[in-house]
Amino acid sequence: MPYTNHSGDDVKEMLSYLGKSEIKDLFSSIPDKLKLKKKLAIRGPFSEKELISAVEDIASGIITFKEIFCGAGAYNHFIPASVDEITSRQEYYTAYTPYQPEVSQGSLQTMFEYQTMMAELTGLPVSNASMYDGASAAAEAALMAFRYNKRNRVLVSGGIHPDYLITINTYLKNTGITVQTIPLKNGITDIDALAGVDVSGVSSVIIQNPNFSGFIEDISAIKERTKDAALIYVTNEALSLAVLKTPADYGAAICCGDAQAFGQPLALGGPYLGFITCSKEFLHLLPGRIIGATVDRQGRQAFVMTLAAREQHIRRERATSNICSNHALCAVRAAVYLSLMGTKGLQSAAYLSVKNAHKLYDALLPLKNVEILHTGAAFFNEFPAKLKVDKKAFAGSLLKRNILGPLDISGHYLFAATEMNSDHGIELLIDAVKEAAE
Amino acid sequence: MSEKLIFEISKAGRSGSFVPECTGSPYIPEDYSRKIPPRLPSVPENEVVRHYVRLSSLNHGLDNGMYPLGSCTMKFNPKVNEKIAGIDKFLNIHPYQDETTIQGALRILHELGEDLKSLSGMDGITLQPAAGAHGELTGLLMCRAYHTNKGNPRQKILVPDSSHGTNPATAAMCGYKVVTLHSNSEGRIDPDILKKNMDDNVAALMITNPNTLGIFEDKMEEIAEIVHGSGGLLYYDGANMNAVMGYARPGDMGFDMVHFNLHKTFSTPHGTGGPGAGPVAVKRDIVPFLPYPVIGLENNRYFFDYSGKETSIGKMRAFYGNFLVLLKAYLFIRANGFAGLKKVSELAVLNANYLKKKISHNFITPYKSDTLHEFVLSAQNIKKEFGVNTLDISKRILDFGIHAPTIYFPLVVKEALMIEPTETETKENLDYFADVLETIVSEAEEEPSGLHDAPFTTPVSRPDEVRANRKLVLKAFSLPKEEDQG
Amino acid sequence: MAEYLYTKDHEWVLQEGNRVRVGISDFAQSELGDIAYVELPETGTKVKQNDAVCSIDSLKSSSEIFAPVSGTIAETNEKLKNEENCEIINKDPLGEGWIFIIEMEDPSELESLMNEKEYKKMTEEE
C-alpha cells in the first residue's frame, strides 16, 4: 500500500473515534448484494524498485529512432531542457484548475501569457487556455460557428488530417449539422469544386494549412468564394504559424489545431495541445477556460478565470461546450517553450524544417523508383511521393539504419522533416529508398 | 509582489540558442509568407527560467499542503511515475510507428484496459478520451448509437439535481434534452420520482455512485430495474470510483457504461487543469459502438484493432489517447495491486468520515445519510448568524497553507463546502484541518467583518472579478490591427 | 403614464404605443448579481410569447430572458454590446438598463402579465 500514510494505531484510533470496529463497517451503505465478493486479478503490489524494473522490462523492446521522417500531425521538434525543468515543478503539475486565484497566480499568469502568444501567432485577438487536441478543437470550432450564425452546413477541405475529419463527423453527428468535404486538385483544395457548391447557408469552411500532405493552401481564393461563411483555419503543424501568412490575414474567424510542435513530446500521440483563437465576435462562444487580467483589493495585478458563465458548471445544458479539464500543463509547456525560443528561435526551427524537407525532396526527385506527387506545389515540411519499393525490404532497410520512415498511406508515402533531421539522416533515408527498390 | 509579464522583461536582441539560426526560406512563396513577425518574448534562458520559477512559487500545489477539493480527488502524485514517464522509450515514440516497434507501449495500454474493465465489471473499453467530460461525450454518443441501432435514438437524458454540470452539457451536445430529478431527503434518487420520469423516450440515466454528496445510492437495484425496464441505459460517471474500489463495481450495480477519471482515482497529476484521461468501459451490448481503434491482443501480439470501424461512433480525437497519462495510471495500479486499490478506497473513506465527524458540529449537515469518500456541509448557519459566507471561510482557509474545498457545489446545498481529504493525508493533517476550521469559526463569531477581507497572507488578495468580466483584458498587448480599428 | 407590468420570469414590460420595452426587474438583478454580458437578440427576429429571446450572464450565473409578448424585436439596447456598460442593468434596471423593444402582435397578451403589486407579492413568496 505504497501511497497511504496511516500506521495501524492511527486506523484503530480513527475507527474508535467513529465508533466502528472495522473499516468495512464504513461501507455498510452499500447493500450486501452489490458488494464484490471476490479478489480481482490485478497484478501488484510492486515496490518502487520492482515497479521500475518491471516497466523497464516491458519498455525494453520499444524502438525509438535517431532520425524521424514521419509527421502527419505529430512532429519531432526540438524541446529545450528548461521546458521539462519548469513543468516538472510540483507547483505546476500537481495543482488543479485555478479555482482559488489567490493561490494560483502562477498558473493563471502563465496561461495568460500562453493566450497572448497564441493570439500573436495566429493574429487573432482572443485565445482560450487550451483544448484536448487539434481534432477535437476543430470539431468544437465548427460548433462555435454554428452557434454564431445558426447555419447548419459545414464545408471541410479534403486536405484535412483524416483523424480530424472523422472526429468532426463524430462530434457533429447528432447536431443537425451536415458535413460536406471539398475535393482536392493538384494536392490542394479545389477552388473550382466550390463553384458548384451553394455557399449560402454555409456556417463554416474548414481548411487545414499546411494541409495533410504538407501543401500550402491558397486560402485567399477559398475565402473569396465563401465570403459569408466563417473561415476556420486549422493547423496540425503550429510551427508553420511562425512564418506563414497569419490566419487573421486570411480573414479567419477562428483558428484552431494542435500545438504539439510547441514543446510536447511525440509520446505515441498524446497528450498534445489543442488550441483555439478567434475574432472578438466569437468570444462569448468559446469553449473552455479563459484567463483575464484584473487587480486585487490593493490594486495589484492579478489574474482570474473569466467569462465563466459560458461554461458547463454554470450554464449546464446551454453551455458552449462540456469541456471542464483541458490540457493546461501542455499550455504551460508551450508558454515556456515559446518564451525560450523567441521569435528568432521559432522562425529558425520553422525555416530549418522547411529547408530539410526540401533537401530531402531534392534528393528523392532524381531517384528512378520515386515519383513525387504534385511537383511544383508549395509545401511546408511534408510532401507525398510514390515509391516503387518492396514494402518489407523497405521496412528492414529503414530499421537497420535506425530511421523512422515516411507514413505509408495507401498508394503513397508522406515524407516529413524537421529541424531535428541531419544531412546524414537524409542520406541514410535515400540509401534505404534505393536499397529497397523493386 | 507581483511578477512582471514575460513580455515586459523582453528586450530585443536577447535570446537563448536552441536550434541553429535560419532566417528565411526561398521555398515559401511571398504571397504565403508572414508579414509581421509574432511578438514573442525575447528573453535569455536564465531569465525565462527564473520568471517561471517565481511564478510557480505563487501556486499552492499538492506538495505544499492539503488540497481537499471535493470531487477532484487531489491525492499524492507518485514521483516515480513522473520519472518513468520521462524515459526516452515512452517520450520519443511516434503514433504512426509500426506496431512491432511499440509492443511494450501497447502492452501497457492493453493491461490498463483489462484492469479497468475488471475493476468496473465491464466487457470493453476505449482509452481515447482526454478527460472525464470527453469520456462522458464518448459514452453518450455510444448511447445514442445504441438506441439508434435499435430504431429510435430517444430524446431525453435523466440526471439528478446534484449532478456535475458536464452531465447536462454533454447530453445537449449529443442532441438530448435534459430532465433533472430531484433528490429525496436522504440526498438520493427517489425511485418513485424516477419512475414518473421514466418512459421509452429516456435514453439513459447518468449518475455517480456514490453521488456528489458522497452518499451511496443504496436503491441501485431498483433504479437499474426501472431504467432497464423501459429500455434505457445506465451511465456511471466515474468521478467517485475511488470510493468503492474492491467493494463494488458499476457493472455489478447494473450500469451499462462507465467513464473513469484517471487523474482522480488513479493519481495522475492534475497539471493545473489537465491533461487527464477519461477511458470509457462498456457492457457487451455497447462494445460495437466503441471509438476505433481499440488495443487488441492476439497470439501474444498487441495491435491497433480497427475491426469495429463499421459500427463504431468514430473517433473522439486524433491518435489513441493521452498515452503518458494512461501510463501513469497503469503504474499506480501496479504499485498498488488489487489489495492496494481496495486499501485506497478504505482509507479514503476512513479519512473522510473521520474529518466529517471532527468538523461537522460547526456546520449544518444537510443530509444525515452515511457518506463514503467525501461529504458536503453547509455554512448557512454561519452566514445567518455572523454574516460570514462559504466564500469568506474558503478564502481564510488559504491563509493556513491548505487549499480550499470545493464550494457552492453541488447546487442542491446552499453555502456548500464539499470536502474530500483522500487517502494520502495523515491523521495529523486531518486534525490540523479540523483545528483550522475551528479557528475560522471562532473568528466568525468574534470578528466576522475581518473575514470578508481574507485571505491575508497569499500572494494577492481577492481579485476584482467584476472588473475581469467587464473590462476584458485577455492578453498582454492589443494587436496593431485592433488598435487601428479604434 | 403606463405602468410597469411583470412576468413570472422577472422581466418588466412598459407599453409604448404598439411597442413594449423590456428589461429585468430590480429583484432579478439583485439575485443575479453583477451582470457581465447580455447576448442581445437580432432586430427583426419574430418571437412568440414565452420564447427564450436571449441570455444574460452575471459572474456566476446565466439566465434566459423570455418574450413577455409575441411580436418582432424592433430595437435592442446598443449600450449593452459593450461589457463595460452592463452595470447599468444593476444600477438602473427599470430605466437605462432596458434590454429590447418588441413591436407587439397581439396587445391583449399584456393582460396575462402581473402588475407591480402582484409581482411584489410573488417575489416575497419566493
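Visitor: How does helix 5 of chain A pass helix 11 of chain A, left-handed or right-handed?
Guide: Helix 5 of chain A passes helix 11 of chain A in a left-handed crossing, meaning the near helix is turned anticlockwise from the far one by less than a right angle. Helices here are DSSP runs (H or I, at least four residues), numbered from the N terminus. This is a predicted model, where local features need pLDDT of at least 70, side-chain atom pairs count only at pLDDT 80 or more, and totals for chains, interfaces and linings use all residues. Residues are numbered from 1 along each chain as its sequence is written, with chains lettered from A and ligands numbered from 1 in the order in which they are written.

Visitor: At what angle do helix 5 and helix 11 of chain A pack?
Guide: Helix 5 (residues 105-122) and helix 11 (residues 328-364) of chain A pack at about 65 degrees, with axes 9 Å apart. Axes are lines fitted to C-alpha atoms over the stretch in contact, and angles run from 0 to 180 degrees between N-to-C directions. So helix 5 of chain A is roughly perpendicular to helix 11 of chain A (65 to 115 degrees).

Visitor: Which residues in helix 5 of chain A meet helix 11 of chain A?
Guide: Among them are A:Thr110, A:Met111 and A:Tyr114. Contact means C-beta atoms, placed from the backbone, within 7 Å.

Visitor: Switching topic: how many residues of chain B are in contact with chain A?
Guide: 171 residues of chain B, against 166 residues of chain A.

Visitor: Which helix of chain B gives the most to that side?
Guide: Helix 11 (residues 323-359) of chain B, with 22 residues.

Notes
Contact = placed C-beta atoms within 7 Å. Helix = DSSP H or I, 4+ residues; strand = E, 2+ residues; numbered from the N terminus. Parallel < 35°, antiparallel > 145°, perpendicular 65-115°, else oblique.
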